[in-house]
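Hi,

Here is the structure I promised to pass on.

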Amino acid sequence: INSLYQEKYKSEKTLGILSNLFGGLAIFVSCLGLFGLVAYSAEQRTKEFGVRKVLGATIFNLMQLLSLSFLKMIVVSIVIAVPFSYYLMNKWLMNFEFHTEISWWIIPVAGFGTLMLALITVSFQAYKSAKANPVDALKYE
């Protein structure tokens, strides 16, 4: 009877490995896209950052200015994704005769991890833009 269960769950194990692999790849590609979007946004706002820096804005203020708009979008996407993913996971688990419940702490940990990964991605480019010399941005005006 043990071999029967092993045979049934072999395809699920393969599905799990493939899900992890493609999930990791999707996270990497999304971080690259987020990094590119932040870099583009920072490039478009170079003069604004230069003026703000000349008028006394700190590096933290400039980083906060660029990061908050992206973090708001990420929080909204997490709020949208949580009920959808919870529903899909419960539906998938119902396919098993012996299934488990989704622990409550997994969802906040996943949301927090997503937020931290996005914050690291955004902060790197935001710091680079905030540290730039304001003279370079304003010398052609």
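**Salt bridges and a nonpolar patch**

Glu48 makes a salt bridge with Arg52, and their closest N and O atoms are 3.0 Å apart. Before you read too much into the distances, bear in mind that this is a predicted model.

Both partners sit in helix 2 (residues 46-54), and because Glu48 and Arg52 are 4 residues apart there, about one helical turn separates them. As for cover, Glu48 is partly exposed, with a relative accessible area of 28%. Arg52 is partly exposed as well, at 38%.

Glu48 has another partner too: Arg45 forms a salt bridge with Glu48, again with 3.0 Å between the closest N and O atoms. That links Arg45, Glu48 and Arg52 in a network of salt bridges. The count for the model comes to 2 salt bridges. In general, side chains of opposite charge can pair when their charged atoms come close.

Now for the nonpolar side of things. Which residues form a nonpolar patch on the surface? They are Leu18, Leu21, Phe22, Leu25, Phe28, Val29 and Leu32, and together they have about 710 Å² of accessible area.

Leu18 has a relative accessible area of 41%, so it counts as partly exposed. Patch members need over 30% relative accessible area and no salt bridge, and the 41% of Leu18 is given by the calculation.

That's what I have for you on this one.

Cheers

Terms used:
Residues are numbered from 1 along each chain as its sequence is written. This is a predicted model: local features need pLDDT of at least 70, side-chain atom pairs count only at pLDDT 80 or more; totals for chains, interfaces and linings use all residues. Side-chain values use heavy atoms; hydrogens and water are left out. Patches are made of residues with over 30% relative accessible area and no salt bridge: like charges are joined within 9 Å, nonpolar side chains (Val, Leu, Ile, Met, Phe, Trp, Tyr) within 5 Å. Accessible areas come from the Shrake-Rupley method with a 1.4 Å probe; for residues, only the protein chains shown count as cover. A salt bridge is a side-chain nitrogen of Lys or Arg within 4 Å of a carboxyl oxygen of Asp or Glu. Buried means under 20% relative accessible area, exposed over 50%, partly exposed in between (1.4 Å probe, protein chains only). Helices (H or I, at least four residues) and strands (E, at least two) are DSSP runs, numbered from the N terminus.
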